[in-house]
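Hello,

Here is the structure you will be working with. Please open it first, then read the notes that follow.

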Amino acid sequence: MNRATSLIRRVRLITHTDPTLVANYLPFPIFAPAWTPAPPLTCHHARFLATKQGKGHSKVQKVKPKQDKQEVEIKQKMTVSALAQAMNKDFDHVFEALLNTSVDLDSLEPHSVLEEQWIKEVVKRSGMKFKWAKLVESKERENKDTQRRAPPDPAVLVSRPPVVTIMGHVDHGKTTLLDSLRKSQVAAGEAGGITQHIGAFLVQLPSGEKITFLDTPGHAAFSAMRARGALATDIVILVVAADDGVMKQTIESILHAKKAQVPIIVAVNKCDKHQADPARVKQELLSHDVVCEEYGGEVQAIHVSALKGNNLLELAEATVTLAEVMELKGDPTGLVEGTIIESRSDKGKGPVTTAIVQRGTLKKGCTLVAGKTWAKVRFLFDENNCTVKEAGPSTAVEIVGWKELPSAGEEILEVESEKRAREVVDWRCYQEEQDKLKEDMQAIEVKQREHQESYKKEREPLAHLSWRQRKSALYKANKKLMAMRPSEKLESQELSLPLIVKGDVDGSVEAILNILESYDAHHQCQMEVVHFGIGDVSENDLNLAETFSGTIYGFNVGVNKSIQQMATKKGIMLKMHKVIYKLIDDLKDELSSKLPPSVKENVIGEASVLAMFDVTVGKKKVPVAGCRVQKGQLDRKMKFRLVRGRDVIWEGSLTALKHHKDDVQMVKTGMECGLSVDQDIEFRPGDEVVCYEETETRQTISWDPGF
């Protein structure tokens, strides 16, 4: 029994650890008939002793495998929101993790930048582990751009025709002057007699000399096109009307020529008119540092009549003479260099550019790059729309074969192959993206600084509140600010005009957009250009107009019948124009039509209250004012106002107007009357009753584009 007792004690210890070991541990069956368990040993233990191996596993606690901690990628200067996103948590989790630390929780916001130690602390307190984010080393990209060639060898230079730009004020006769020089009728084809875009022509004089002329628009809207004309030219012929003198665009043309450091020849036009005064023109030019030869200067002034053809040969000879003095030379060898004067989209030809060749000889098959597009030259056309095989220096040609439409003013450079052209375009697109990224980052930094400063000012009155109270207060303030009444929302939608602008050439669209940039009446009506492009109005334009509830304005472009029918069905306005100032006038009218009418008040009559008394109508007493008309007349149909001193007591309509005991429609000056109003008003002697009418007049937009 002593042996059995000792074994039982040992079993008692074993059962506290692992009862399943008991059956294997004992060398003999434990249920001997002569043995009785001691009091401390319960039946529970006896059952465990009788339990066979393998039973009782359902009550055994399983040991959980060790779980790996979640890894969080961290980096320097992380914001609270960035850290929360990396941890897949929200802002409150980061806030709670920083409780009982030295971090100023009142100043903690989603955009707040955390120090490195607190970033690590948040991750540790969240039961996670951190790892530093890998820094991606960006390999510097090789510059694949192409540049102009080095200056040519003087031995290969040959004489070239001068490139002459005709400049001046609108309607001073620039295009007519060119017509007479090249014996054509360009002016007759211009809308309203205004040149809408640059025309480039090669003129051969009777003596055999050649001159390439550029005709730029004189209208104020085409300042950028005039600037391009001056930068691509050798000589500027400044046309000034003898009967009109120096005007705004004349001065602007002088400034363009001086900026480009180009010599000027003055053509005093319309000298055949009776009111012509060429001497006055030359004197006015003196104030703009254009000194003619008669006043001791170097600027030639030729008196011409473009309409009658007077002295045009003398003007051409003066141009050739100045070109000889300048000794203009060109390099016809090597890769082509040039400048795009104008670009447009043609239905049959696709993207087309008018360009001036400045170096090399342009031929069919050349690969050109301009801006972020390139071309495999398919065709070359002259000013008469005839194909040419090649174009040397100072020649103006139309180029067909562009993949996309380049912008006017872009530099044209020839490259060796199509592969090289794609490399150049890819590099320029990449460079533009990088520049834009830098600008965006700078703008973001500025906005962040401004936001932080304004945010600090907003938070000063709420500094005594906890962060949750402060959040609640700011939310309520924003909710009140954003809760706009439905009528106000409707009004804000009505007072806006989205525009889609389509033009015939790049320069025309540029000119229109430059005008629209001067729009300064957003406080009256919002105006936004949602899309602009070159070519006829398309179905895509209609879809945009329908999406934005906008209007399509076209300049020198067409609209086919199917597009017109589709626009009518969708209720989209199509406004097509051929003269730019008419387009702007139409736009101003549409903007004005969006404005609510202004209400004007006209006083019809005035009366003084002499006494007040009550009249019983049914069971109700109605206050009545006894008045005398002092000025004009009181008309019951009009609106009325009760004025006491400087305060307006009541505004509304009359319910009754009586003269003696008769109901009347109107009482005139000097007559006495009794009147009652549509509200319970206490009249007093000395009050004034004003009768007035309101008339609505159409508002006009305050925007002044300058013409």
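**What was found**

Strand S23, which covers residues 598–617, contains Val 615. Keep in mind that this is a predicted model. Val 615 has a relative accessible area of 34% and is partly exposed, because that class lies between the 20% limit for buried and the 50% limit for exposed. Together with Phe 613 and Val 617, Val 615 makes a nonpolar surface patch of about 250 Å².

Next, a pair of helices. H17 spans residues 539–548 and H18 spans residues 561–570. Angles under 35 degrees count as roughly parallel, so H17 and H18 are roughly parallel to each other. On the H17 side, the residues that meet H18 are Glu 539, Leu 542, Asn 543 and Glu 546. Their partners in H18 are Ile 563, Met 566, Ala 567 and Lys 570.

The last item is Gly 401, in strand S17 (residues 396–402). Is Gly 401 buried or exposed? Its relative accessibility is 9%, and under 20% means buried, so Gly 401 counts as buried. If neighbours within four places in sequence are left aside, Gly 401 is in contact with Pro 351, Trp 374, Ala 375, Lys 376 and Arg 378. Cys 366 is 35 residues from Gly 401 along the chain, and the C-alpha atoms of the two are separated by 9.9 Å.

Regards

Notes: Residues are numbered from 1 along each chain as its sequence is written. This is a predicted model: local features need pLDDT of at least 70, side-chain atom pairs count only at pLDDT 80 or more; totals for chains, interfaces and linings use all residues. Side-chain values use heavy atoms; hydrogens and water are left out. Patches are made of residues with over 30% relative accessible area and no salt bridge: like charges are joined within 9 Å, nonpolar side chains (Val, Leu, Ile, Met, Phe, Trp, Tyr) within 5 Å. Accessible areas come from the Shrake-Rupley method with a 1.4 Å probe; for residues, only the protein chains shown count as cover. A salt bridge is a side-chain nitrogen of Lys or Arg within 4 Å of a carboxyl oxygen of Asp or Glu. Helices (H or I, at least four residues) and strands (E, at least two) are DSSP runs, numbered from the N terminus. Buried means under 20% relative accessible area, exposed over 50%, partly exposed in between (1.4 Å probe, protein chains only). Axes are lines fitted to C-alpha atoms, for helices over the stretch in contact, and angles run from 0 to 180 degrees between N-to-C directions. Angles under 35 degrees count as roughly parallel, over 145 as roughly antiparallel, 65 to 115 as roughly perpendicular and the rest as oblique. Contact means heavy atoms within 4.5 Å.
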